[in-house]
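Work through the exercises below with the sequence and the model open beside you. Each task is followed by a solution that goes step by step.

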Amino acid sequence: VSFLLAAALQALAGLALLRLLRLGTGSRLADAPLAWLVGTGWFAAVAPVLRFAAGIPTGRAAVLAILLAPPAAWAALRWRGRHRAGEEGGATLAGPGRWIPRPLWIFAPVALYVALVAAMVVLHGTNTPTQTDDAVRVRAFAPILATEDAWPPQARVIFSMAGPLTTFVPAVGWVLTGTVDHFHVNYAVLADLVALLALVIALASARGAPERGWASALALLTLPLLVYHATSTYSDAVLALRVGAGILFAIEYARTRDRRDARLALLLLGIAALVKREGELVAAAPVAVLLLWLAWERRRDGLPFPWSALALVGAPPVLGAIGKIAALGLAGAFPMLGFMAGQARQAVGAGAASLPPGTTRDAATIFFDWALFRFENQGMLYWIAAATIVVRARAIVRGRESWPLLAVLALFAEVAASSVLLVPQFTLNQGTVHRALLVVSVPLALWTAAAIADAVRAETLAPSAVPVKRTPGREGADGNATQPGRRRSRPPRRR
Amino acid sequence: MGEGRMLRCVTAPALALLVAAAPAAAGEGLVPAPLDALRPGPEAAALVTLRPDGLAIGVEGTTGLAAPKLSGAQVLELDVDVAGVMLLTWAARTPGAEFAPFGPPWRHLTVPVGRSTLRLDLRIARDWTTAAEPQIGLTGTGTVVVRALRWLPPDRDAERQVAAFDRANFWAPESMGHTTINLLTHPFWSEARRIWLTDVVAAVAAVAFAVVLAATRLRGGRPRPALALAVAALVASGLWGAHLLVRFLPVFDLRPTPDREQRIRENYWVAPDVGALAALARERLGPTERVGVVARERDWFGPQTLCFNLAPRPCVIMRPGQPVHHGIYGVGALRDDEIDAIVFFRGEWTPPGFQRIAGLGPNRWLGRRP
């Protein structure tokens, strides 16, 4: 009950923030899981600033103040009648929804599988107590430290390793009710998985393409290591799911051209930076690609650089950084950056010579062959994604799905460089390589499912040579280069 | 040919693939074996006695048993009567191969209290061969009486043996251990021939792709590469999803368990005695008591898990000869005289001044200052 209360308050904060920022999907069903993802990000970004920079203890009053501030602001603005336009703007996005995927004889088993595996994960994840990590760390310990609110130096180190989101979000219910129920850490991980599943299905259905949503859910739940991780109290799944949510809206932006989708993508990726010590580095790669995309589009259209989008993506990590720097000082606030910089120095310096011969080659074999294509951890995703890229190469290059794919490839390059060149030892002993790939696999699964579903749809529509009337946000407007109707109706290329 | 019919045509062979790897029947030709075929290791000899009702095995820590007379056994089946909290690990010791009973894959089960029949498939243990000696490890506290023992000897027909080995591994549940979080068990279509399941599924999906592409062309229309891709992706995901269910369904705990104390007590899959002791400590120790955990020097899982589950009580992991003890990851410190209660989990030393108040056995108990 205390977790449900905490989740409801965080979702309410997220919903209010979405309204204040004039963001949203236009569908209440899709906005609800999105509100959880945004509301938890809000709490995770603000709580450490209050605690470490302002020195305000994160007791019940502070937690309630953080969580109720956005609804209060939203209510105040609503009362003054200033935000009506923004809400109406959000509502126009969805277009006519379609909730039953076709053909039903294919999607009924898919839905059954998704429901079955989701239920399995929720039950097993709820039933599984924290197994602890290794000889030095218990990651699920960080929220307990947030509840105790004492913060000796060692506890602050754990906070910087776990990240603000993983540290503060599971503690909300404990602080509010005064009771520590260790399973809240499990519930928080499971809530992220359920939220992303609900979001992909509701968003696609609300926008008239439920097939894409169910295909995405199937793609996610056939990733065996993600399924297993979601039942644990590790935060690798959380980071992967948060990055996936960001990429989901980048894929949507490619389709709808609605800037609100782009802003949501950037906001969610900014929130992903608050998970684990790796979050900032992981989120940086797709954010760079998405900003480049927006800047290029703006420049093409003669518009200024999208500073507001930059502010959105920057706000959560900047707040997180302020909290971390206040807690540990600049030197200790970003342990992953320091670690990677040290590894990079070693990789190009004397450290490279000290590695056994063939280390890089062996690590590359494990990464590019075993980890991607052979072992069970990532399922068949990389086979399917590779086939999709090959079969759809022309359409990808000509169409708009190339930018989200570039964002995923940037992530892939980051993980590949880290696994093969910077920390090959963790690839050789297979200690982290498969877990590290989850942040690529989740967004790639969403991209692949969307690319295939949209391609089939375009192919099915193709024989009718009638040009499809383009309405922003509606599925008739699928951006797809193989659709003859669209090709014919496309205006001459700008020179 | 309609699209629906075409899709059915390619999914049918895919399903046939799963049927081709059908699991072996449970009863497959087991024969009785004498109870003295199970021999204790030298350190456990005093704990094992042959009684009229069966082979009684005392467990306090880890008791190891081997069955050299049953070398090459594919399956062992034990009728047992259990009192206490116990984890059973089964493994295969093959001459010339490294013996790594804790995997991966680590094959283990929590032994249910009372009478039950345990079926241990040795073919799915690491490095099993037809020359492997079965090994059993019992970790926990209590007594096990083995009332009957049956085994499945190695098959003299080499081809049939390979097929049985491959089938057993294909249908084996996922092994849950400390390293599962890093990587899952490798999936093979044929473990004996080292044929990856991924390669087979990819080949089937590629055939599905080609069939749909060819069929759309033969229909006289334009080719449908996207449809072919979608069918291939569905076939691959479907087969993989089915295999995921095969591996995870048997090991996932799907009982709705509202009581969180019961979850802690019963659901530490790799260390049921740690879970039972943690639940006992949570029940018996006051919310403000300061706790010290005493465990073996090399044990990291037990003391960390116990301290974690006792939070928010101040809890430290005690080391002999140190005046100040620290908590998980060095957070928090307590002097000897500040500790109100101890949780003793297979420790190699006992801090003075504590009286036992409750316990699971001689090496797993709670103590408090008198």
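**Exercise 1. Find how many salt bridges cross the interface of chain A and chain B, and describe one of them.**

Solution. Begin with the rule, by which a salt bridge is a side-chain nitrogen of Lys or Arg within 4 Å of a carboxyl oxygen of Asp or Glu. Applied across the interface of chain A and chain B, this rule finds four salt bridges. In one of the pairs, Arg374(A) meets Asp199(B), with 3.1 Å between the closest N and O atoms. The model is predicted, so local features need pLDDT of at least 70 and side-chain atom pairs count only at pLDDT 80 or more, whereas totals for chains, interfaces and linings use all residues; side-chain values use heavy atoms, with hydrogens and water left out. Residues are numbered from 1 along each chain as its sequence is written, and chains are lettered from A in the order in which they are written.

**Exercise 2. State what area chain A and chain B bury between them, and which residues take part.**

Solution. Contact here means heavy atoms within 4.5 Å, and on that basis chain A contributes 76 residues and chain B contributes 66 residues. Next take the buried area, which is the accessible area (1.4 Å probe) that two parts lose on being put together, summed over both. For chain A and chain B this comes to about 6200 Å², with 70% of it on carbon and sulfur atoms. Within the area that chain A buries against chain B, 12% is supplied by Tyr228(A), Glu376(A) and Glu459(A), more than by any other three residues.

**Exercise 3. Describe the largest cavity and its lining.**

Solution. On a 1 Å grid over the protein atoms alone, a cavity is a set of points where a 1.4 Å probe fits but cannot get out, and lining residues have an atom within 4 Å of a point.

**Exercise 4. Identify which residue pair forms a salt bridge at 2.9 Å, and say where its partners sit.**

Solution. Searching the whole structure gives 45 salt bridges over all chains. The pair at 2.9 Å, N to O, is Arg242(A) with Asp192(A). These partners link distant parts of the chain, 50 residues apart, since Arg242(A) belongs to helix H13 (residues 236–256) of chain A and Asp192(A) to helix H10 (residues 184–206) of chain A; helices (H or I, at least four residues) and strands (E, at least two) are DSSP runs, numbered from the N terminus.

Technical notes: 1 Å grid on protein atoms, 1.4 Å probe; cavity = no way out; pocket = protein on both sides within 12 Å on 5 of 7 lines; lining within 4 Å. Points joined across faces, edges and corners; volume = space filled by probe spheres on them.
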